[in-house]
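Visitor: Could you walk me through this one? I'd like to go from the overall picture to the side chains.

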Amino acid sequence: MLANYFPVLIFLIVGLAAGILFLVLGNVLGPKRHYHEKDTPFECGFEAFENARMKFDVRYYLVAILFILFDLEVAFMIPWAVVFKDLMVSHGQFAFWSMFVFIVVLTVGFIYEWKKGALEWE
């Protein structure tokens with residue numbers, strides 16, 4: 001029984017060893033040059049060393065949420081496309097029309113976001 005898990009154990013050991021090796025090599029051989037532009041925040045668009053209650057632009061978070069939404073859309077469509085022929089044999093036209101409705105709903109949502117200007121960065 002435990003012999004079945006031996007490849008998993010080897011995989012975990014090799015993965016941990018590779019991760020530790022890459023971290024150590026990056027710290028030993030990597031460049032150590034620090035300068036102002038490299039140390040400034042670039043993801044959120046504002047300095048992190050100010051008052052926590054300051055006003056800031058939420059467009060960054062809106063774009064991030066929209067990216068996650070459409071990324072999940074693709075995550076649902078790829079497995080469906082892979083087994084499409086088998087679904088057509090077993091479920092007939094229901095397999096096609098259920099995904100069609102899914103895509104139509106997401107397309108309507110995308111058009112709504114586009115018309116509202118949620119995808120504009122200015």
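Predicted model: local features only at pLDDT ≥ 70, side-chain atom pairs only at ≥ 80, totals over all residues.

Visitor: Ok, how many helices and strands does the protein have?

Guide: The protein has 5 helices and 0 strands, where helices (H or I, at least four residues) and strands (E, at least two) are DSSP runs numbered from the N terminus. Read from the N terminus, the order of elements is α-α-α-α-α.

Visitor: And what share of the residues counts as buried?

Guide: Of the 122 residues, 7% count as buried, with buried meaning under 20% relative accessible area, exposed over 50% and partly exposed in between, for a 1.4 Å probe and protein chains only. The accessible surface of the protein comes to about 11,000 Å², and 73% of that surface belongs to carbon and sulfur atoms; such areas come from the Shrake-Rupley method with a 1.4 Å probe, and for residues only the protein chains shown count as cover.

Visitor: Let's turn to packing. At what angle do helix 3 and helix 5 pack?

Guide: Helix 3 (residues 59–82) and helix 5 pack at an angle of about 165 degrees, with their axes 12 Å apart, the axes being lines fitted to C-alpha atoms, for helices over the stretch in contact, and the angles running from 0 to 180 degrees between N-to-C directions. Helix 3 is therefore roughly antiparallel to helix 5, on a scale where angles under 35 degrees count as roughly parallel, over 145 as roughly antiparallel, 65 to 115 as roughly perpendicular and the rest as oblique. Residues of helix 3 at this contact include Leu66, Phe70, Glu73 and Trp80, and those of helix 5 include Phe96, Phe102, Leu106 and Phe110.

Visitor: Is Glu73 buried or exposed, then?

Guide: Glu73 is buried, with a relative accessible area of 15%, and its place is in helix 3. Leaving aside neighbours within four places in sequence, Glu73 is in contact with Phe102 and Leu106. The C-alpha atoms of Glu73 and Leu106 are 7.8 Å apart, although 33 residues separate them along the chain.

Visitor: Which residues does Phe110 contact?

Guide: Beyond its neighbours within four places in sequence, Phe110 is in contact with Phe70 and Leu119. Phe110 lies in helix 5 and counts as partly exposed, at 29% relative accessibility. Between the C-alpha atoms of Phe110 and Leu66, 44 residues apart along the chain, the separation is 9.2 Å.

Visitor: How many aromatic pairs are there?

Guide: Rings of Phe, Tyr and Trp (its six-membered ring) pair if their centres lie within 6.5 Å, and planes under 30 degrees apart count as stacked, over 60 as edge-to-face and the rest as tilted. By this rule the count comes to 7 aromatic pairs. Phe96 and Phe100 form a stacked one, 6.2 Å centre to centre with 20 degrees between the planes. Those two residues are about one helical turn apart, because they lie 4 residues apart in helix 5 (residues 93–116). Phe96 is partly exposed at 31% relative accessibility, and Phe100 is also partly exposed, at 41%. Elsewhere, Phe70, Phe110 and Trp114 form one aromatic cluster.

Visitor: Last topic: how do helix 4 and helix 5 pack?

Guide: Helix 4 (residues 84–91) and helix 5 pack at an angle of about 120 degrees, with their axes 6 Å apart, so helix 4 is oblique to helix 5. The contact is made by Phe84, Leu87, Met88 and His91 of helix 4 together with Gln93, Phe94, Ala95 and Phe96 of helix 5.

Note on methods
Residues numbered from 1 in each chain as written. Heavy atoms only, no water. Contact = heavy atoms within 4.5 Å.
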